[in-house]
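Please consult the sequence and the model shown here.

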Amino acid sequence: MDKFKDRIRDFWNKKPCGTFGIIPENVDRDYFDNIKKRRYRLEPFIGEIAGFNKLKGKKVLEIGCGVGTDGVEFARSGAYYTGIDASLNSLELAKKNFEFNDLRPNLQLADAEALPFPDNAFDFIYSWGVLHHTPDMVKAINEVYRVLKPGGSFCVMLYNRYSLVGLQLYFFYGLLRLNPFISLNRLFYEHHESPGTKAITDKEARLFFKDFRNIEVKNIVTPYDIRISHNHYWPKFVAYFIPSILGFFKVITGEK
Ligand SMILES: C[S@@+](CC[C@H](N)C(=O)[O-])C[C@H]1O[C@@H](n2cnc3c(N)ncnc32)[C@H](O)[C@@H]1O
């Protein structure tokens with residue numbers, strides 16, 4: 001199992017999230033500005049869902065902070081921010097990103113399945129597109145529960161199995177490869193980002209987060225659902241015609 005985690009870590013060390021095409025030697029303020037611009041152009045809904053500016057003075061933990069793009073927004077808004085990630089390269093970039101913004105957060109190399117924090121430590125836990133990459137996702141969700149304070153809340157984004165992205169995977173790696181009986185679980189596992197990626201249903205989301213209170217599960221149609229090629233998308237308005245149930249992002253919120 002640890003060997004498998006090494007493969008996942010290697011993947012994110014080679015391709016820290018959101019950095020595609022930009023080499024580490026070029027790391028400067030513009031580098032992070034470009035990552036940020038691209039991120040919030042493609043995922044403009046993040047700020048409102050994450051509630052960046054509602055957490056002043058609160059202890060916020062981000063699990064899988066990547067290069068720190070959202071973390072900077074939490075910290076800039078006055079949250080006491082802690083970010084963890086399993087990828088050292090991502091964390092080193094995150095550190096520079098915070099430094100360019102004159103912010104001094106607590107960043108740690110850690111595993112979502114065994115968080116290095118005591119019980120009931122955080123007011124808010126945030127994790128965007130991360131927990132489906134770890135081999136034991138339910139163990140990681142139980143860790144969210146453990147380190148969240150009673151009354152605290154969380155926001156976790158996981159991938160939605162029956163989404164248009166799932167359909168694209170099925171088209172390219174199932175139908176075009178003459179493998180029509182392959183399951184969506186296997187397609188995500190083998191062909192989406194790091195090895196072993198999972199994508200879940202609403203029912204599974206409610207089951208995995210059953211220990212929390214006031215659970216809400218909401219799907220969001222993303223540009224990735226209406227992708228023409230790797231870096232080209234249909235115009236944004238196309239997304240309005242697609243039922244949200246088919247959206248790739250499944251955002252789960254709730255309280256302990
Ligand atoms: C898709 S990226 C998302 C990063 C960031 N949340 C963002 O949206 O830009 C997935 C991240 O999860 C991290 N990750 C994967 N497995 C992990 C684990 N078991 N513990 C901590 N981080 C993990 C990877 O290193 C990577 O940075």
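Val 156 lies opposite Ile 252 of strand 9, where strands (E, at least two residues) and helices (H or I, at least four residues) are DSSP runs numbered from the N terminus. This is a predicted model, in which local features need pLDDT of at least 70, side-chain atom pairs count only at pLDDT 80 or more, and totals for chains, interfaces and linings use all residues. Residues are numbered from 1 along each chain as its sequence is written.

Another residue with a partner in strand 9 is Leu 158, whose bridge partner is Lys 250. Val 217 also has a bridge partner in strand 9, namely Ile 252. Two strands count as paired if DSSP finds at least two bridges between them. The two pairings of strand 9 are set out below.

| Strand pair | Sense | Bridges |
|---|---|---|
| Strand 5 (148-159) and strand 9 (249-255) | antiparallel | seven |
| Strand 6 and strand 9 | antiparallel | six |

Strand 9 is mostly covered, with five of its seven residues buried. A residue is buried if 20 or more other C-beta atoms, placed from the backbone, lie within 10 Å of its own C-beta atom, exposed if 12 or fewer do, and partly exposed in between.

Contact here requires C-beta atoms, placed from the backbone, within 7 Å.

## The whole chain

The protein chain has nine helices and nine strands. Its radius of gyration is 18 Å, close to the 18 Å that the globule rule gives for 256 residues, so the chain is as compact as a globular protein of that length. The radius is taken over C-alpha atoms, and the rule is 2.2 Å times the number of residues to the power 0.38. Along the principal axes, the C-alpha atoms fill a box of roughly 50 × 45 × 40 Å. Of the 256 residues, 40% count as buried. Among contacts between residues at least 6 apart in sequence, 69% join residues at least 24 apart.

## Around the ligand

Of the 20 residues around the ligand, Trp 12, Gly 64, Gly 66, Ser 87 and Ala 112 come nearest. Helix 1 (2-14) and strand 2 (80-85) are the elements that give two or more residues to this shell. The shell comprises eight nonpolar, nine polar and three charged residues. Ala, Val, Leu, Ile, Met, Phe, Trp, Tyr, Cys and Pro count as nonpolar, Asp, Glu, Lys and Arg as charged, and the others, Gly among them, as polar.

## Positive phi values

Most residues other than glycine have a negative phi. Asn 120 has a positive phi, near 55°, and is placed in the loop between strand 3 and strand 4 (122-128). With 13 other C-beta atoms within 10 Å, Asn 120 is partly exposed. Leu 178 has a positive phi near 55° and is found in the loop between helix 7 (164-175) and helix 8 (184-191). Leu 178 counts as exposed, having 6 C-beta neighbours inside 10 Å.

Notes. Contact = placed C-beta atoms within 7 Å. Near = placed C-beta within 6 Å.
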